[in-house]
Amino acid sequence: MKKLPLLLPLLGFALSASAQQKNIYHKNWVDFNKNGRMDVFEDPSQNIEKRIGDLLGQMTVEEKTCQMATLYGYKRVLKDEMPVAGWKNEIWKDGIANIDEELNNLTSHTDDAPTQYSYPFSKHASAINTIQKWFVEETRMGIPVDFTNEGIHGLNHDRATPLPAPIGIGSTWDKQLVRRAGQTVGREAKALGYTNIYAPILDPARDQRWGRVVECYGENPFLIAEMGKQMVLGIQEEGVASTLKHYAVYSVPKGGRDGSARTDPHVAPREMHQIYLYPFRRVIQEAHPMGVMSSYNDWDGVPVTGSYYFLTELLRQKFGFQGYVVSDSEAVEYLYSKHKVAIDYKEAVRQAVEAGLNVRTNFTMPQTFVLPLRELIKENKISMKTIDSRVADVLRVKFRLGLFDNPYVKDPKAADKIVHTKTDAQMSLQMNRESMVLLKNENNLLPLDKSKYKNILVTGPLAVESNYAISRYGPSHNPIISALDGIKNYVGTNSKVSYTKGCDMVDATWPESEIIETPLTAQEQAGIDSAVAQARLSDVVIAVVGEDVDRVGESLSRTGLNLPGRQLKLIQALQATGKPVVMVMINGQPLTINWENKYVPAILEAWFPSVQSGQVIAETLFGDNNPGGKLPITFPKTTGQIEFNFPFKPNSQAGQGGANSWGKTSVNGALYPFGYGLSYTKFEYSTLQVSPQKGQSQGDVTVTVDVTNTGQRKGDDVVQLYLKDDISTVTTYEYDLRGFERVSLNPGEKKTVTFTLHPDDLALLDKNMNWTVEPGTFQVWIGASSEDIKLKKGFTVE
């Protein structure tokens with residue numbers, strides 16, 4: 001079928017006749033319903049609630065139900081890149097709530113969606129305008145579409161500004177930088193025609209086996225809330241909606257299992273509120289996101305997507321959420337197919353809508369949801385009052401986004417200058433640098449002096465791999481610098497850099513080989529021997545090991561957390577040469593690298609860095625970038641310790657010493673604790689002050705501490721404030737993070753860091769499940785990690 005031409009600039013609208021043969025574009029308003037007069041909903045001077053009421057009053061059941069469904073974009077569900085005549089016969093002839101990932105040129109194992117319209121950026125903005133124009137001009141009510149897209153580590157669009165994976169973003173502990181990153185995502189989205197971004201993920205990653213640890217900011221609810229709040233503020237400052245994921249209690253499926261499981265979290269009510277709901281409550285109340293995505297899982301026997309308690313009572317009545325709730329893909333269907341709480345799919349639809357779901361998303365045509373919904377309305381099984389309420393929430397977001405005042409990208413051509421600028425690339429590079437965490441540095445092997453090492457071996461299965469740099473839900477098609485190339489570029493002609501792979505990512509029987517070891521094949525032995533031979537000729541060995549996109553991510557949870565495949569055997573063979581070995585880890589979740597930590601002198605955690613990975617790894621190894629990142633998640637020594645995370649209840653992670661204990665049967669303690677990270681310089685803390693020393697339960701407490709760089713290099717430190725409630729009416733956490741600040745200091749420089757503790761920071765859920773600040777004594781601890789506490793001071797709440 002003949003495709004519609006790309007949209008002319010907005011000026012051209014007034015000149016071109018619409019499908020209705022009349023001009024609907026007027027000065028300061030659009031005649032969406034094409035009746036020749038300005039209705040209340042079309043009048044920008046009217047308040048939003050009046051506009052919603054007027055619009056709802058004019059909509060048919062068909063139009064309302066279409067505002068409750070997602071149409072997945074081109075190649076995922078939509079078959080046409082541009083509007084075609086046949087759209088007049090599709091269900092979206094009556095409109096649609098949102099179109100997801102439209103023409104973003106997604107690259108992924110499962111869902112490649114190449115398109116000619118993603119780049120140059122101006123071409124995409126014009127294409128989105130053409131699609132929006134169809135909905136405005138060719139549907140009866142002309143309700144604009146909310147164009148949604150993913151964006152957890154940069155906008156999920158062809159050549160947009162990339163960021164490290166969220167676990168790396170969490171490792172920066174840099175609130176100001178996360179705000180800037182959010183602004184970049186929001187600005188790029190708006191320039192390209194997207195109006196709603198599915199970010200950030202606020203799930204606390206409490207089980208290190210879980211595949212989506214890589215997509216989370218970490219394990220601690222306070223850290224996640226603070227980072228997530230900045231990301232939401234940044235995105236929404238640019239006039240684009242932020243949709244939080246995945247509400248709620250999603251990130252701790254039984255046994256850390258993902259994929260087909262995604263169910264049955266074993267979480268008690270108080271823990272749910274204090275750990276899993278805490279980031280959502282804080283971010284909703286303090287940053288006011290316009291979207292929330294409901295999750296697949298159940299909690300205590302009730303699927304969240306069918307739960308009035310989660311979607312209405314908690315979310316809207318208690319937390320004050322005022323946006324719309326979109327389902328994670330297939331979450332509605334799971335009520336019937338997986339959770340078995342509905343006799344058929346139609347009943348699942350009824351339960352979800354009654355619970356508070358506004359928009360259903362799945363990789364099927366919208367009618368698979370809309371038609372059963374219309375039947376339910378016809379059968380009086382869902383009231384029009386409920387439907388109007390659900391649709392009003394969707395329309396409210398569209399009004400707040402200004403879609404009824406300016407439905408189009410005003411200047412498509414500007415996108416070419418707005419998206420992925422030099423300034424954005426610098427911000428992205430800075431975030432990559434700040435995400436590096438130094439785990440071990442025996443005898444100050446790092447930073448390497450390039451004049452000292454004339455022969456450098458780079459080895460390991462991730463030395464030339466790059467797929468981790470474009471992991472799911474972020475930008476694609478940006479040029480990538482591998483670790484090998486980054487090191488080669490950095491040392492230039494100064495040193496000779498050789499490369500031998502050493503081993504593959506995994507062996508033939510992995511992951512079974514984690515429980516039933518198989519002998520090395522001749523080919524595997526030859527690979528390791530080749531790396532060893534080259535190591536003997538080298539001055540230093542840089543081994544780049546860890547995980548790739550097939551080893552960690554959505555539906556990729558693990559049962560073991562050692563280096564996959566033969567990588568440990570490679571490291572052991574390299575270490576046996578006696579040459580200094582530096583281990584660079586590219587991975588998406590904590591790994592149980594016990595042997596490596598004991599014997600390898602230097603270990604750098606790079607997580608899943610972005611496209612500049614090789615440059616940043618080289619800068620860090622050779623000292624231009626002094627690593628200042630801190631772990632946002634605990635590294636256990638063995639999966640047998642899990643759950644092992646921070647914060648924890650008193651003595652719940654204790655060893656076997658002390659009263660009422662004996663024997664020595666378990667491996668205890670963290671390999672690396674929450675908040676841990678080394679530097680090439682040293683920092684000292686002094687002059688801790690807490691004011692007032694005695695205060696009221698509803699007052700703020702001010703904490704100041706001096707931090708000094710006592711080393712020889714400029715560096716960043718993350719000053720961490722932990723709070724301990726000495727005695728409480730219910731068991732609370734041993735101590736918890738309640739403040740952090742990343743500071744950059746020159747050698748000898750001192751800065752005073754100020755924290756403000758609010759009543760919410762001191763509150764606990766009392767015996768009646770009410771948030772309460774109880775009178776009593778509290779301790780402020782200042783530390784370089786959750787275990788490395790430097791200063792303590794108490795105060796009293798009266």
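## The span 717-786

The end C-alpha atoms of residues 717-786 lie 14 Å apart, and this span is 6% helix and 56% strand. Helices and strands here are DSSP runs numbered from the N terminus, with at least four residues (H or I) for a helix and at least two (E) for a strand. An unreviewed UniProt entry annotates residues 717-786 as "domain: Fibronectin type III-like"; UniProt positions are given in the numbering used here, feature names are shortened, and annotations may be inferred rather than shown by experiment.

The model is predicted: local features need pLDDT of at least 70, side-chain atom pairs count only at pLDDT 80 or more, and totals for chains, interfaces and linings use all residues. Residues are numbered from 1 along each chain as its sequence is written, and side-chain values use heavy atoms, with hydrogens and water left out.

## The five-stranded sheet

An open sheet of 5 strands runs in the order S21-S29-S28-S23-S24, with mixed pairing. Two strands are taken to pair if DSSP finds at least two bridges between them.

Strand S23 (residues 715-725) pairs with strand S28 (residues 776-783) in the antiparallel sense over 6 bridges. Leu 721 has Ile 782 of S28 as its bridge partner, and Gln 720 has Gly 783 of S28. S28 also pairs with strand S29 (residues 789-797), again in the antiparallel sense, over 8 bridges. Here Trp 781 stands opposite Lys 792 in S29. The two strands S28 and S29 form a hairpin with 5 residues between them.

## The largest cavity

The whole structure contains 3 cavities of 30 Å³ or more. The search uses a 1 Å grid over the protein atoms alone: a cavity is a set of points where a 1.4 Å probe fits but cannot get out, a pocket is an open set with protein on both sides within 12 Å along at least five of seven lines, and lining residues have an atom within 4 Å of a point. Grid points are joined across faces, edges and corners, and a volume is the space filled by probe spheres set on the points.

The largest cavity has a volume of about 230 Å³. Its lining comprises 19 residues, with Thr 732, Asp 736, Arg 738, Asp 761 and Ala 763 nearest the centre. Two or more lining residues come from each of helix H8 (269-276), S23, strand S24 (736-745) and helix H22 (759-762); S23 gives the largest share, 3 residues. The lining divides into 12 nonpolar, 2 polar and 5 charged residues, where Ala, Val, Leu, Ile, Met, Phe, Trp, Tyr, Cys and Pro count as nonpolar, Asp, Glu, Lys and Arg as charged, and the others, Gly among them, as polar. Because domain 1 (38-418) and domain 3 (683-797) both contribute to this lining, the largest cavity lies between them; the domain bounds come from an automatic or database domain assignment.

## The second largest pocket

The second largest pocket holds about 520 Å³ of space. It is lined by 26 residues, and those closest to its centre are Gly 677, Leu 678, Ser 679, Thr 681 and Lys 682. S20 and S23 are the elements that give two or more residues to this lining. The lining of the second largest pocket has 9 nonpolar, 9 polar and 8 charged residues. Domain 2 (436-641) and domain 3 (683-797) both supply lining residues, so the second largest pocket lies between them.

## Backbone features

Most residues other than glycine have a negative phi, and most peptide bonds are trans. A cis peptide bond joins Tyr 119 and Pro 120, with omega about 0°; Pro 120 lies in the loop between strand S4 (98-100) and helix H4 (121-138). The bond from Phe 646 to Pro 647 is also cis, with omega near 5°, and Pro 647 is in the loop between strand S18 (635-636) and strand S19 (670-672).

Lys 340, a residue other than glycine, has a positive phi near 60° and sits in the loop between helix H11 (331-337) and helix H12 (345-355). Its relative accessibility of 61% makes Lys 340 exposed, the classes being buried under 20% relative accessible area, exposed over 50% and partly exposed in between (1.4 Å probe, protein chains only). Thr 687, in strand S20 (residues 683-691), likewise has a positive phi, of about 55°, and is partly exposed at 45%.
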